[in-house]
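Welcome! Below you will find a sequence with its structure, and a short report will then walk you through some of its parts.

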Amino acid sequence: RAIVRDLTGVAEQNPDILPRGSPANEEDPTVFETRFLRKIKDLGEGHFGKVELCRYDPCGDGRGELVAVKSLKPESRGQLGCHLRREVDTMRELYHQNIVKYKGVCSEEGGRTTKLIMEYLPAGSLKEYLPRRRDQTDLRRLLHYALQICQGMDYLGSHRFIHRDLAARNVLVENESTVKIGDFGLTKSMKEDKSYYTVKEVTDSPVFWYAPECLLDCKFYTASDVWSFGVTLYELMTYCETSSSPTTVFLEMLRPTQGQMTLTRLVEMLRAGRRLPCPSHCPESVYSLMRRCWEIDQENRIQFKELVTELEELLF
Ligand code: ADP
Ligand code: MG
């Protein structure tokens with residue numbers, strides 16, 4: 001099944017590798033049945049969704065494949081149902097070695113709720129993985145992760161998607177040498193005639209990963225993802241330690257404020273040119289890449305393609 005599904009993905013991306021008119025699969029490998037899905041444990045949760053590890057076991061012999069299943073939390077059903085459906089539509093279109101693989105969907109309650117089925121990455125996100133693997137992870141490895149994230153993001157941007165939630169918590173670890181971008185819950189597709197996407201509000205958003213134009217005008221460009229990548233690179237270089245996380249450090253830089261004021265003060269501070277500091281043990285060459293992601297005007301920011309080149313130069 002897994003192989004059939006993978007081939008389906010390859011065929012969808014490359015419609016001409018299969019002979020035309022070949023018979024469709026009798027059984028759609030991207031449709032999963034609830035009754036064969038056995039929960040093993042919780043993997044994590046965010047604002048509106050939760051992710052569980054399940055075994056898909058149609059033969060009932062306990063040897064079915066392991067999958068990660070994302071569903072909305074009960075309190076988010078109804079009004080946010082469209083979020084998960086949009087996430088499914090996005091993931092279905094993406095096929096890249098550094099993007100979490102879509103496997104299918106599972107409908108419940110007569111089609112009123114949907115679950116997203118994706119490949120399971122046992123090591124979890126960088127946020128869980130890196131603090132535990134500090135001693136085994138050298139600078140080269142961190143830069144390799146950064147390079148892979150940029151390659152995945154360059155692919156995403158070239159397909160006119162804006163991720164809008166790039167952060168270490170949303171980058172998953174396949175094995176010690178490979179990472180993949182996940183969590184397309186906020187991802188937006190840009191209309192043909194536009195190079196940005198406007199949202200209604202930024203409350204409840206990962207503000208410390210956001211570029212000034214997102215905070216000020218709620219406008220998101222591919223260049224806004226570049227800003228978030230800079231923050232993600234900062235997280236990599238601090239091994240995702242909570243004590244030096246972007247949230248902790250920005251709040252220290254802002255001094256005590258509350259609610260709306262935090263946003264206003266944050267924008268003022270960024271406009272005054274203040275940025276996250278260079279993490280300890282982070283080479284100046286890597287910090288200068290972060291700074292090029294954090295140019296105030298999005299036109300002046302480095303692009304993912306250039307980041308790929310620069311990181312390759314640092315590595316080879
Ligand atoms: P949310 O939209 O709720 O933030 P995510 O897709 O980011 O949901 O998933 C939440 C957490 O669940 C992640 O930070 C990660 O720890 C875990 N997780 C998500 N997808 C997978 C997966 N495919 N394999 C393993 N762990 C996962
Ligand atoms: Mg998330």
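## Around the ligand

Strand 1 gives the largest share of the shell around ligand 1, three residues; strands (E, at least two residues) and helices (H or I, at least four) are DSSP runs, numbered from the N terminus. This is a predicted model, where local features need pLDDT of at least 70 and side-chain atom pairs count only at pLDDT 80 or more, while totals for chains, interfaces and linings use all residues. Residues are numbered from 1 along each chain as its sequence is written, with chains lettered from A and ligands numbered from 1 in the order in which they are written.

Of the 23 residues around ligand 1, Gly44, Gly46, Gly49, Ala68 and Asp183 come nearest (a residue is near if its C-beta atom, placed from the backbone, lies within 6 Å of the molecule). Strand 1 (37-45), strand 2 (49-56), strand 3 (65-72) and strand 5 (113-119) are the elements that give two or more residues to this shell.

Now meet an open sheet of five strands, in the order 1-2-3-5-4 with antiparallel pairing; strands pair if DSSP finds at least two bridges between them. At its edges are strand 1 and strand 4 (102-108), each pairing on one side only.

Strand 4 and strand 5 run antiparallel and are joined by six bridges. Here you can find Gly104 opposite Ile117 in strand 5.

## A look at Ala146

Which residues does Ala146 touch, not counting residues up to four places away in sequence? They are Leu233, Leu236 and Leu311, where contact means C-beta atoms, placed from the backbone, within 7 Å.

Definitions and conventions. Two residues are in contact if their C-beta atoms, placed from the backbone, lie within 7 Å.
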